[in-house]
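Here are my notes on this structure, as numbered points. Please read them with the model open beside you.

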Amino acid sequence: MAHVEDSSLLPVTWWKSSASGTQSDCVECGIVDEQTIAVRDSKWPTGPALLLSRASLARVVSGIRMRGFEA
């Protein structure tokens, strides 16, 4: 799994879930290219970001849903 140390340097528009709290306590995603999605902690916009393929991100979300971690 790839990552970048300073996610603010990525040429992406970040977004977070409309269900996220007003305290910015969530993850943000950004589309890097057709294959890659960046994921970072919204509380640390200059911190690291994971770079995941669309398929990998789909597996992560599916795994979370299957284990009942949805809000």
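1. Serine 42 is buried, with a relative accessible area of 11%; buried means under 20%, exposed over 50% and partly exposed in between, with a 1.4 Å probe and protein chains only. Serine 42 belongs to the loop between strand S3 (36-41) and strand S4 (49-53). Strands are DSSP runs (E, at least two residues), numbered from the N terminus.

2. This is a predicted model, in which local features need pLDDT of at least 70, side-chain atom pairs count only at pLDDT 80 or more, and totals for chains, interfaces and linings use all residues. Residues are numbered from 1 along each chain as its sequence is written, and side-chain values use heavy atoms, with hydrogens and water left out.

3. What does the side chain of serine 42 lie 2.8 Å from? A polar atom of that side chain is at this distance from the backbone oxygen of cysteine 26.

4. Serine 7 is also in a loop, the one between strand S1 (2-4) and strand S2 (27-31). Serine 7 is buried, and its relative accessible area is 0%.

5. The side chain of serine 7 reaches the backbone oxygen of proline 45 at 3.0 Å. Contacts of serine 7 (heavy atoms within 4.5 Å), not counting residues up to four places away in sequence, include Trp14, Trp44 and Gly47.

6. The charged end of arginine 40 sits over the ring of tryptophan 14, 3.9 Å from its centre. The criterion is NZ of Lys or CZ of Arg within 6 Å of the ring centre and within 35 degrees of the ring normal.

Definitions and conventions
Helix = DSSP H or I, 4+ residues; strand = E, 2+ residues; numbered from the N terminus. Polar contact = N/O pair within 3.5 Å; in protein donor to acceptor, adjacent residues only side chain to side chain.
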